[in-house]
Amino acid sequence: AWRDFNHQALFHNTGWASADITPLRHEPLDDEDTFDAWAIGSTGYPLVDAGMRQLVATGWMHNRVRMVTASFLTKHLLLDWRKGARWFLTWLTDGDIANNQLNWQWVAGTGLDSNPHRMFNPTLQSSRHDPDGTYIRRWVPELADVPPNEIHDPLPMTRAIAGYPTPIIEHTDAVARYRHARSQEAARS
């Protein structure tokens, strides 16, 4: 149903492939180093990194992981959804402009039926949907031997031993930064 809906919506509104349907009214950040860390799967968030690595290796990613990685880019890192959408289309073997662009906008909070306050917590999503860390162990091999109680958020010493990065931004800091951006946006309205 979403595929048909997105195709109909984009057919009648072709500009939505690159323009916000519902503008956020705050400027996304433009940080190439941060984008590159996300794109290569080096954010320090195992689920995000597993998804991004799987995308480049196979040209595919599960829908849940697509939502988490897109939310991470747009809400944690405050980067423009269009950059992420382009990256996905570069690598996805099932890339479809209508579904890709409009789903990115849905996650970013700029699309149809969007909730701009929705922000996926990658650690909670990981522990809920991959409790044993099987997906992470496959796509982030440096964490393959990490104990189950740490796989979703390895301790600093475990990260150092495994050669896995610290989080590019702490989740609580990302939430506060996103809320601040949203409040600035509301103040300008």
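Me: What makes seven residues in the lining of the second largest pocket nonpolar, and how many are polar and charged?
Reply: The model discussed here is predicted. Ala, Val, Leu, Ile, Met, Phe, Trp, Tyr, Cys and Pro count as nonpolar, and Asp, Glu, Lys and Arg as charged. By that division, the lining of the second largest pocket has seven nonpolar, three polar and four charged residues. The lining has 14 residues, and L24, P28, L79, D80 and W81 lie nearest the centre of this pocket. Of these, L24 and D80 illustrate the division: Leu counts as nonpolar and Asp as charged.

Me: Which helices each supply at least two residues of that lining, and what is the volume of the second largest pocket?
Reply: Helices α4 and α5 each supply at least two residues of the lining. The volume of the second largest pocket is about 160 Å³.

Me: What volume does the largest pocket have, and which residues lie nearest its centre?
Reply: The largest pocket has a volume of about 570 Å³. Its lining consists of 26 residues, with N6, N63, N99, N100 and N103 nearest the centre. Two or more lining residues come from each of α1 (2-12), α4 and α6. Helix α6 gives the largest share, seven residues. By class, 14 lining residues are nonpolar, eight polar and four charged.

Me: Why is T110 called buried?
Reply: A residue is buried when its relative accessible area is under 20%. The value for T110 is 1%, so T110 is buried. T110 is found in the loop between α6 and α7 (122-129).

Me: What makes the pair T110 and D20 a polar contact?
Reply: The limit for a polar contact is 3.5 Å between N or O atoms. The side chains of T110 and D20 are joined at 3.4 Å, within that limit. Leaving aside neighbours within four places in sequence, T110 is in contact with D20, I21, T22, L24, W81 and Q105.

Me: How do you know whether Q54 is buried or exposed?
Reply: Buried means under 20% relative accessible area, and exposed means over 50%. Q54 has a relative accessible area of 8%, and therefore Q54 is buried. Q54 has its place in helix α3. Beyond neighbours within four places in sequence, the contacts of Q54 are G59, W60, M61, H62, Y135 and W139.

Me: Why does G59 count as buried?
Reply: The relative accessibility of G59 is 3%, so G59 counts as buried under the 20% cut-off. G59 lies in the loop between α3 and α4. Not counting residues up to four places away in sequence, G59 touches Q54, W91, L92, T93 and D94.

Me: Why is L78 called buried, and what is its phi?
Reply: With 7% relative accessibility, L78 falls under the 20% cut-off and therefore counts as buried. L78 is found in the loop between α4 and α5. Although L78 is not a glycine, its phi is positive, at about 60°.

Me: What makes a group of residues a nonpolar core, and how many residues has the largest one?
Reply: The members must be buried residues of the listed nonpolar kinds, joined through side-chain atoms within 4.5 Å. The largest nonpolar core has 40 residues, and W38, F88 and W104 have the most contacts inside it. The elements that give two or more residues to this core are α2 (32-40), α3 (46-58), α4 (63-76), α5 (81-91), α6 (97-108), α8 (134-139) and α10 (171-188). Helix α4 contributes the largest share, six residues. A second, separate core of six residues includes L10, A17, A98 and L102.

Me: Which residues does W38 touch?
Reply: Not counting residues up to four places away in sequence, W38 touches T43, V48, M52, T69, F72, L73, L77, G84, W87, F88 and W104.

Me: Which residues of α5 are buried, and against which helices do they pack?
Reply: The buried residues of α5 are W81, K83, G84, A85 and F88. These buried residues pack against α2, α3, α4 and α6. At the start of α5, a side-chain oxygen of D80 reaches to within 2.9 Å of the backbone nitrogen of R82.

Conventions:
Residues are numbered from 1 along each chain as its sequence is written. This is a predicted model: local features need pLDDT of at least 70, side-chain atom pairs count only at pLDDT 80 or more; totals for chains, interfaces and linings use all residues. Side-chain values use heavy atoms; hydrogens and water are left out. Buried means under 20% relative accessible area, exposed over 50%, partly exposed in between (1.4 Å probe, protein chains only). Helices (H or I, at least four residues) and strands (E, at least two) are DSSP runs, numbered from the N terminus. Contact means heavy atoms within 4.5 Å. A polar contact is a pair of N or O atoms within 3.5 Å; within protein, one must be able to donate a hydrogen and the other to accept it, and residues adjacent in sequence count only if both atoms are side-chain atoms. On a 1 Å grid over the protein atoms alone, a cavity is a set of points where a 1.4 Å probe fits but cannot get out, and a pocket is an open set with protein on both sides within 12 Å along at least five of seven lines; lining residues have an atom within 4 Å of a point. Grid points are joined across faces, edges and corners, and a volume is the space filled by probe spheres set on the points.
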